[in-house]
Amino acid sequence: MEKNILIVDDSPTARTSISFCLSNAGYTVTEAVDGKDGLEKLDEIKNKGQIVSLIISDINMPRMDGVTFIKEIKKTSFKFVPVLVLTTESQESKKQEGKEAGAAGWLVKPFRPEDLLWIIKKFTRRPHGSKTTT
Ligand SMILES: [Mg+2]
C-alpha cells in the first residue's frame with residue numbers, strides 16, 4: 001500500500017532533506033510551505049480520493065503556524081491522521097501546546113534520518129490512514 005506523507009515546513013532546506021529521507025525509504029511525499037498551504041494540499045489529496053498516512057509539521061511558519069494548523073486539521077476529515085511535529089522548538093510549554101492541539105509526536109531538529117524513519121514507521125503502522133477515506 002502506498003504511504004502518503006505530507007510535510008509542512010517553511011524552510012526549503014528542511015523540506016528537501018525530510019523529503020529526500022522519506023522518498024528513499026519508499027514513502028510518497030507531498031510538500032507544503034506553511035499551515036495554510038498544508039490545508040490546501042490536504043484538500044487536493046482528498047479531492048483526488050487519496051489518503052494520508054502521516055503529517056509532519058514545523059511549528060514556526062508564516063501565515064499559519066504549526067499549532068494552529070494542527071487545530072485546523074482536527075476540524076477536517078483528516079482528524080485521525082497522526083501529526084508529528086518536527087521543529088527547532090524544544091521548549092516544554094510549546095510542546096505542551098502542540099500536544100493539546102493534538103500532535104501525536106515531537107521531534108527536535110536537527111534530527112538523525114534513522115530517528116525520523118523509526119518514529120515514522122511507528123506511526124504509519126497504525127490504521128489511522130484508512131479512516132481518512134470516509
Ligand atoms: Mg519554520
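Two residues are in contact if their C-beta atoms, placed from the backbone, lie within 7 Å. In that sense Val67, Ile70 and Lys71 of helix α3 meet Glu97, Gly98 and Ala101 of helix α4. By class, the residues of this contact between α3 and α4 are three nonpolar, one polar and two charged.

The structure is a predicted model, and its confidence should be kept in view throughout. The mean pLDDT of the protein is 89, with 93% of its residues reaching 70 or more. Residues 128-134, however, have a pLDDT below 50, although this stretch has 16 contacts in the model beyond near neighbours in sequence.

**Helix packing**

Helix α3 takes part in two helix pairs, one with α4 and one with α2, and the table sets out their geometry.

| Pair | Residues | Axes come within | Crossing angle | Handedness |
|---|---|---|---|---|
| α3 and α4 | 66-73 and 92-101 | 9 Å | roughly 15° | left-handed |
| α2 and α3 | 35-47 and 66-73 | 9 Å | roughly 25° | right-handed |

The axes of α3 and α4 cross at roughly 15°, which makes α3 roughly parallel to α4, since angles under 35 degrees count as roughly parallel. For α2 and α3 the axes cross at roughly 25°, and these two helices are therefore roughly parallel to each other as well.

The contact of α2 with α3 is made by Gly35, Gly38 and Leu39 on the α2 side, and by Gly66, Thr68, Phe69 and Glu72 on the α3 side. Sorted by class, this contact has two nonpolar, four polar and one charged residues, with Gly counted as polar.

Leu6 lies in strand β1, which spans residues 4-8. Is this residue buried or exposed? Leu6 is buried, because 23 other C-beta atoms lie within 10 Å of its own, and 20 or more are needed for that class.

Leaving aside residues up to four places away in sequence, Leu6 touches Thr30, Ala32, Gly38, Lys41, Leu42, Val52 and Ile55. Leu6 and Thr28 stand 22 residues apart in sequence, while their C-alpha atoms are 8.6 Å apart in space.

Technical notes. Residues numbered from 1 in each chain as written. Predicted model: local features only at pLDDT ≥ 70, side-chain atom pairs only at ≥ 80, totals over all residues. pLDDT = per-residue confidence, 0-100. Axes fitted to C-alpha atoms, helices over the stretch in contact; angles between N-to-C directions. Helix = DSSP H or I, 4+ residues; strand = E, 2+ residues; numbered from the N terminus. Parallel < 35°, antiparallel > 145°, perpendicular 65-115°, else oblique. Left-handed = near helix turned anticlockwise from the far one by under 90°. Buried ≥ 20, exposed ≤ 12 C-beta atoms within 10 Å, placed from the backbone.
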